[in-house]
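Please look over the structure below. A short report on selected parts of it comes after.

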Amino acid sequence: MGKSIVEKLEQRGEEVFVTSRSEHKNSKNIQYLMGNARDIKFLEDLLDNKMFDAIVDFMKYSTEEFKDRVDLLLNHTKQYMYLSSSRVYSDSDERISEDNPRLLDVLDDEKYIASDEYAIAKARQEDVLLASGRKNYTIVRPYITYNSNRLQLGIYEKDLWLRRVLNKKEIVFTRDIAEKYTTLTYAGDVANQMLGLIGNEKSYGEIYQLGCNYELKWEQVLEIYKEALSECGYDLKIVWKDSSDVLGRSISLDQLRYDRLYNRKFDSSKVMETTGITEWTKPEYGLKQCIFEFIKNQEKCKYMLRQEAVMDKITGEKPVFPKDISPKRKLKYYIVRLKG
């Protein structure tokens, strides 16, 4: 989403400042500020004696980190856009709107609620903003977004499932996830909605759900990927299991229990009414195009050692290591594969 927003702001002729820990070349409208935005001293120096029209915050904070920074951020911008997540919502049989209960508010799991896991942290940080007494913020809740470099399948990132396909290996997929509805939204569409909120005074002090109005079962998503990859000369082969329990500790159990095993259908009418933007890319088209783009550009996948080891154990396949893997990492792979 960040890349899409920067590109669209540049096209709109805005002056954009982007913080990054790595060096980038500036362009006419974009200035890169090298440093770690998690470092509060860097942030203080960056904001000193400055007032921005908008700050769009893509950082992932602990709740305590956020409390330490929130006043600083709010004091130096006309509009602070906080990226929360639609993972904050509890389970629902109906379409989810901004008023739906959150996990933090209703879930009966004391250990999880006491944690600072992603969905819980995001909800707590929303509450910090709501209790701030300020109105120069906008909270947005994207769900699963995709582009050519981020293509999720159930609980898996593309670095696992797509890498295996490219290496002619099988994927373990489970029926408990496959039968659930999900909402996958093209990152460019989310960026468009966010741009419609930036500088829009109607959005100040408000919360917006950002997800397209098309939902699919994960098994349908699987078929879209399978068809697209087949057109590119690759065969997506599945080993089916009934329960995600077979994946053990290789996956985020909290994300599984309190998101991927829920049906996720969203009502985004509020943001469409505020921005006037009502068009969303249909995932049947968007996902295929992103697969085609990924293959065409020969983009890379990271090596996810733990998940690869567990999946290889289930499928009985030999590992396909990256060329630069160290002997120590190879040993770790075999230990994980042995223990499961």
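## Basis

This is a predicted model.

## Helix H3

Helix H3 covers residues 63-75, 13 residues in total. From first C-alpha to last, H3 reaches 19 Å. That is close to the 18 Å expected at 1.5 Å a residue. H3 also bends, by about 40°, and the bend sits at Arg69.

Arg69 is one of the buried residues of H3. What do the buried residues of H3 pack against? Two helices are involved, H2 (40-47) and H6 (118-130). Strands E3 (55-57), E4 (80-83) and E5 (137-142) are packing partners too.

## Helix H9

Helix H9 spans residues 187-197 and is mostly covered. Nine of its 11 residues are buried. The buried set runs Ala187, Gly188, Asp189, Val190 and Ala191, then Gln193, Met194, Leu195 and Leu197. Gly199 follows H9 and has a positive phi, near 80°.

## The second largest pocket

The second largest pocket holds about 370 Å³ of space. Its lining has 13 residues. Closest to the centre are Leu166, Gln298, Glu299, Lys300 and Cys301.

Which helices each supply at least two residues of this lining? They are H7 (158-166) and H13 (283-297). By class, the lining of the second largest pocket has seven nonpolar residues, four charged and two polar.

## Val172 in strand E7

Val172 belongs to strand E7, residues 171-174. Is Val172 buried or exposed? Val172 counts as buried because its relative accessible area is 0%, and the cut-off for buried is under 20%.

Contacts of Val172 beyond its neighbours within four places in sequence include Tyr156, Val239, Lys241 and Val246. Leu247, Met311, Ile314 and Thr315 are in contact with Val172 as well. Leu247 is 75 residues from Val172 in sequence. In space, the two lie 8.7 Å apart, C-alpha to C-alpha.

## Lys226 in helix H10

Lys226 lies in helix H10, residues 218-231.

Leu236 is 10 residues from Lys226 in sequence. The C-alpha atoms of Lys226 and Leu236 are 5.5 Å apart.

Conventions
Residues are numbered from 1 along each chain as its sequence is written. This is a predicted model: local features need pLDDT of at least 70, side-chain atom pairs count only at pLDDT 80 or more; totals for chains, interfaces and linings use all residues. Side-chain values use heavy atoms; hydrogens and water are left out. Helices (H or I, at least four residues) and strands (E, at least two) are DSSP runs, numbered from the N terminus. The expected span of a helix is 1.5 Å times one less than its number of residues. The bend at a residue is the angle between axes fitted to the seven residues ending there and the seven starting there. Buried means under 20% relative accessible area, exposed over 50%, partly exposed in between (1.4 Å probe, protein chains only). Contact means heavy atoms within 4.5 Å. On a 1 Å grid over the protein atoms alone, a cavity is a set of points where a 1.4 Å probe fits but cannot get out, and a pocket is an open set with protein on both sides within 12 Å along at least five of seven lines; lining residues have an atom within 4 Å of a point. Grid points are joined across faces, edges and corners, and a volume is the space filled by probe spheres set on the points. Ala, Val, Leu, Ile, Met, Phe, Trp, Tyr, Cys and Pro count as nonpolar, Asp, Glu, Lys and Arg as charged, and the others, Gly among them, as polar.
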